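Trainee: I have a model open and want to learn how to read it. Can we go through some features together?

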Amino acid sequence: MVNMKRNVDPITLEVVRNSLIAAAEEMATVLARTAYNVMIYEVQDFCVCLFDENGQLVAQDTSGLPIFLSDLGMAIEDGIQKYGRDGFAPGDVIIMNHPYICGQHLNNMVIYTPAFYEGKLIGFPAARAHWVDVGGSRVGFNTMSTEIFAEGLQFRSIKIYEAGKPNDAVMQILTDNLRFPEAALGDLRAQIASCRIGEQRLLEIVKKYGYDTFRGCIEEIWDQSEQLTRLEVEKLKDGVYTAEGFMDNDGVDMDKPVNMKISVKVEGSNVTMDFSEIADQCKGFINSGYSGGIAAARVAFKNITLPSLPINEGCFRPLKVIIPEGKVLNAKPPAALGEWSTSLPLVIDLILKALAPALPDKIPAAHKGDMGGFTIHGMNPRTGKRFVCMEIHGGGWGGRPYEDGVNTSVSICQGNVKNVP
C-alpha cells in the first residue's frame, strides 16, 4: 500500500521504480561496451548502483555479481565522512578500493560521482569493476601474499577528478605503477562514463517529478521491499540454526584447516547472522574486509527470501550481521585479501545448510564452493609488450530437492558471469 502522505501516487511510484532500475541497467551496458579489459566487457565482473545522498542503495543492475550485493554503499559512506555532503561538486570523480572498507581485493576498483539538481546533491551513481592489474608483486591478483602491501595500490576516497579537472598526480601514480596502464585508464574512463549516464538519468527523473516526489518514491520503494521481505522471513520457524565447515588451509599454512562456524537466528520477521565463531583472520590471503562478510550474508539472505525482487536498501532491513573485528571475514590491517572471495561461497553454503531444516523444499546440497580462476601472463616477443589472459572456473552444484544439480556452473557468488571465448 502506498503511503499517500509522501505525495506519491501508485502510477508515479511504478514509473520511478522502473526508471531507476532501467538507469542502472543502462549504466551496466555502457560499462561493458566501453571497458578495455576482458574481465569487464566479456566476463562482466562488475556491478553498478544508484545511491541516495546518504549512500543508501536505491537500485542495482540485475546482472551484477551477487557477491557485490548491496555493499558499494560503504565505499560512498566513507567518502561522505571524509568530505561531508557539502564537499562534493559537479564533475567530481572518486576512486576507492580500500580493502578494509570495501572488503575485497584491490583489483575491484570503485568509481563514483555525485549527482546534483539545482545545486542540491541528490545521489551517487557508482560502478565497481575488476581491473586486470593494480600493481603489487604479482600480475593479476596476488595469491601468495601475507600482507596487503604486496597486493597493489590502495586508494581511499580520493578525488581523481575535482570539479571536472583531473588529478594529474593520481593519474601519474596509476600510469607509473600498473603493468597495464592503458587497460586501467580505459576501464577508469568506462566507469566514469557509466556514472555520467547514471547522473543524467537521475537528473531526468527529478526534473520530471520534482525532488520531493522523487524522494518519496525512494522511501516507498524501500518500505515496500522491507515489508515483502519480512513476510517471507515470517514463514520460517523461529529458532537458532547453526552449521560448521572448514577450508583445507589458508594458502600459506598448508596443514592448518580454517574452521568456519556460523549461527542464524530467526525471530519473527528478523534474521541475525552471527559469524562470531568463525576462524580468526589468517596469515594467508583468504581474508576479507567487513563488507565482504556482509555481502556473503546478503547473498544467502536474498536467496532464501525474494531473489527476484529488485535490489535496494529495504531488502536488507530485516537482516542483522555480526562479525567481530579480527575474524577471517572482518580482517584488520595488514591482512592479505588477494583471494578474499575464496572463502565466501563456503560461508553462503553454511548459511543455507543451517537453514535447511526450516526450508527443506528449497535448500540444495552444497556446490563446488570456490571462486577460482587462472591468470596466464608474459611478454609478447614480437611486440615487447606484456600480455595477460584471465579466466574463471566452473564446477558442479549439489542436487536440489526436485532435480539433479547443474554442471560446470560458476559459484553462487558469481551469478551471471561469462567465460572467455
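Mentor: Start with P310. P310 touches I21 and C315, leaving aside residues up to four places away in sequence. Contact means heavy atoms within 4.5 Å. Before more, a caution: this is a predicted model, where local features need pLDDT of at least 70 and side-chain atom pairs count only at pLDDT 80 or more, while totals for chains, interfaces and linings use all residues. Residues are numbered from 1 along each chain as its sequence is written, and side-chain values use heavy atoms, with hydrogens and water left out.

Trainee: Where does P310 lie?

Mentor: In the loop between α8 and β12 (319-322). Helices (H or I, at least four residues) and strands (E, at least two) are DSSP runs, numbered from the N terminus. P310 also sits 8.3 Å from S225, C-alpha to C-alpha, though the two are 85 residues apart in sequence.

Trainee: How do I check the span of α8?

Mentor: The expected span is 1.5 Å times one less than the number of residues. Helix α8 (residues 290-304) has 15 residues and reaches 22 Å from first C-alpha to last, close to the expected 21 Å. Of those 15 residues, 13 are buried.

Trainee: At what angle do α6 and α7 cross?

Mentor: Axes are lines fitted to C-alpha atoms, for helices over the stretch in contact; angles run from 0 to 180 degrees between N-to-C directions. Under 35 degrees is roughly parallel, over 145 roughly antiparallel, 65 to 115 roughly perpendicular, and the rest oblique. The axes of α6 (residues 181-209) and α7 (residues 211-233) come within 6 Å and cross at roughly 115 degrees. They are therefore roughly perpendicular. L202, I205, V206 and Y209 of α6 meet Y211, T213 and F214 of α7.

Trainee: What about α5 and α6?

Mentor: Helix α5 (residues 168-177) packs on α6 at about 140 degrees, with axes 8 Å apart. That makes α5 oblique to α6. M171, L174 and T175 in α5 meet P181, L185 and L188 in α6.

Terms used:
Buried < 20%, exposed > 50% of the residue type's maximum accessible area, 1.4 Å probe, protein only.
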